[in-house]
Amino acid sequence: MSSIKQTGEKKLMFFSGRGYPELAEEVASHLGIGIAPTTLRDFANGEIYARYQESVRGCDAFVIQSHTGPINQWIMEQLIMVDALKRASAKRITVIMPFFGYARQDKKGRGREPITARLMADLFKTAGADRLMSIDLHTSQIQGFFDGPVDHLFAMPVLVNYLKDKLDLANTTVVSPDTGRVRLSERWADTLGTPLAFIHKRRDLDVANQVKVNEVVGRVRGRTCVLIDDMIDTAGTICKAADALYEQGATDVVVAATHAVFSDPAVDRLKNSRISEVIVTNTLPLAEDKRFDNLTVLSIAPLIARAITEVFSDGSVTSMFEGDS
């Protein structure tokens with residue numbers, strides 16, 4: 001006899017850091033399981049301690065953490081949780097980061113700059129992650145930075161389903177706020193069956209680091225425009241794009257974005273803009289002081305839960321998006 005066979009079933013365990021427990025609880029509810037009990041605390045000097053209160057040996061572990069502020073603390077906590085799982089003999093570790101921190105630095109624009117998106121992938125691989133799962137990466141090339149499977153989920157189905165019931169699609173144009181989002185905008189336009197437009201930004205040579213809007217390319221006059229982006233940080237680009245669309249004769253501007261980063265002064269800019277509605281998902285927590293009357297927040301939890309189920313059951317994550325992955 002050269003081997004010993006033992007009959008067993010796969011075991012899914014779901015873990016959450018402290019960055020955004022509300023989203024983790026919602027995902028767990030859709031999965032029909034509880035969040036695995038975990039001790040997480042800070043030492044007096046700010047170092048993080050993690051210990052799992054149940055055996056994780058041989059389990060299929062899914063660790064969710066939203067990279068919200070203070071972003072460095074929550075990234076470090078997730079790394080420590082992954083390391084603890086690896087050392088406790090978890091069979092497979094999937095890191096779920098609804099918002100991938102440091103993703104905007106995905107290439108060197110100038111000399112002596114870092115590529116932090118690659119650094120993040122390397123850190124999680126070194127910590128022991130076997131798989132990454134994230135929603136609407138800043139650029140798709142980030143998938144190639146991780147030496148293992150990456151499940152790149154899209155919030156577009158969630159946002160599109162909401163908008164379909166609100167818009168007159170015959171009088172709607174999908175608009176990309178810059179040329180970098182044209183490919184994503186094409187998928188939106190194809191799904192909604194609408195024309196596509198984009199905004200070409202020009203730099204003001206008289207003012208350093210200043211973007212001067214803007215040329216609008218496409219049919220927008222007399223139409224409702226849906227501006228899309230992966231994230232809203234300070235809202236400068238989105239608000240200037242909306243102004244440019246109104247100047248070109250748009251009758252209404254709606255903004256749809258996945259990640260509501262909302263760094264100051266984003267909320268004030270959006271409140272005081274002519275944008276009729278801002279639609280985002282709950283990949284990041286939003287405090288009450290960052291909410292406003294024309295803001296709509298859609299839940300991403302069912303999408304994450306379904307992706308977890310597909311990964312655990314060796315199903316197809318790609319099938320969730322009809323071939324787009």
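Helices (H or I, at least four residues) and strands (E, at least two) are DSSP runs, numbered from the N terminus. The model is predicted: local features need pLDDT of at least 70, side-chain atom pairs count only at pLDDT 80 or more, and totals for chains, interfaces and linings use all residues. Residues are numbered from 1 along each chain as its sequence is written, and side-chain values use heavy atoms, with hydrogens and water left out.

**Exercise 1. Strand 5 and its two partners**

Task: Describe the burial of strand 5 (residues 92–97), then its pairing with strand 4 and with strand 6.

Solution: 
- Step 1. Buried means under 20% relative accessible area, exposed over 50%, and partly exposed in between (1.4 Å probe, protein chains only). Five of the six residues of strand 5 are buried, so the strand is largely enclosed by the rest of the structure.
- Step 2. Strand 4 (residues 60–64) pairs with strand 5 in the parallel sense, over five bridges. Ile64 has Ile96 as its bridge partner in strand 5, and the chain passes from strand 4 through helix 2 to strand 5 in a right-handed β-α-β crossover. Right-handed means that, with the strands pointing away from the viewer, the path from the first strand over the helix to the second runs clockwise.
- Step 3. Strand 6 (residues 131–135) is joined to strand 5 by four bridges, again in the parallel sense. Met97 is paired with Ser134 in strand 6, and the chain passes from strand 5 through helix 3 to strand 6 in a β-α-β crossover that is right-handed.

**Exercise 2. Helix 2 against helix 3**

Task: How do the axes of helix 2 and helix 3 cross, and which residues meet?

Solution: 
- Step 1. The axes of helix 2 (residues 71–87) and helix 3 (residues 116–127) come within 8 Å and cross at roughly 30°. Helix 2 is therefore roughly parallel to helix 3; angles under 35 degrees count as roughly parallel, over 145 as roughly antiparallel, 65 to 115 as roughly perpendicular and the rest as oblique.
- Step 2. Contact means heavy atoms within 4.5 Å. Helix 2 contributes Ile75, Gln78, Leu79, Val82, Asp83 and Lys86, which meet Met120, Leu123, Phe124, Thr126 and Ala127 of helix 3.
- Step 3. Seven nonpolar, two polar and two charged residues make up this contact. The classes are nonpolar (Ala, Val, Leu, Ile, Met, Phe, Trp, Tyr, Cys and Pro), charged (Asp, Glu, Lys and Arg) and polar (the others, Gly among them).

**Exercise 3. Strand 8 and Leu245**

Task: Are the faces of strand 8 (residues 172–176) covered or uncovered, and what does Leu245 touch?

Solution: 
- Step 1. In a regular strand the side chains alternate between the two faces of the sheet. In strand 8, Thr172, Val174 and Ser176 on one side and Thr173 and Val175 on the other are all buried, and both faces are covered.
- Step 2. Strand 8 runs parallel to strand 11 (residues 224–232) and is joined to it by four bridges. Thr172 stands opposite Thr224 in strand 11.
- Step 3. Thr172 has 0% relative accessibility.
- Step 4. Leu245 belongs to helix 6 (residues 236–247) and is buried, with a relative accessible area of 0%. Beyond residues up to four places away in sequence, Leu245 touches residues including Val175, Cys225 and Leu227.

**Exercise 4. Backbone exceptions**

Task: Which peptide bond at Pro70 is cis, and where does Pro70 lie?

Solution: 
- Step 1. Most residues other than glycine have a negative phi, and most peptide bonds are trans.
- Step 2. The bond from Gly69 to Pro70 is cis, with omega near -5°; Pro70 is in the loop between strand 4 and helix 2.
- Step 3. Arg112 has a positive phi, near 70°, and is exposed, with a relative accessible area of 83%.

Notes: Axes fitted to C-alpha atoms, helices over the stretch in contact; angles between N-to-C directions. Pairing = 2+ DSSP bridges.
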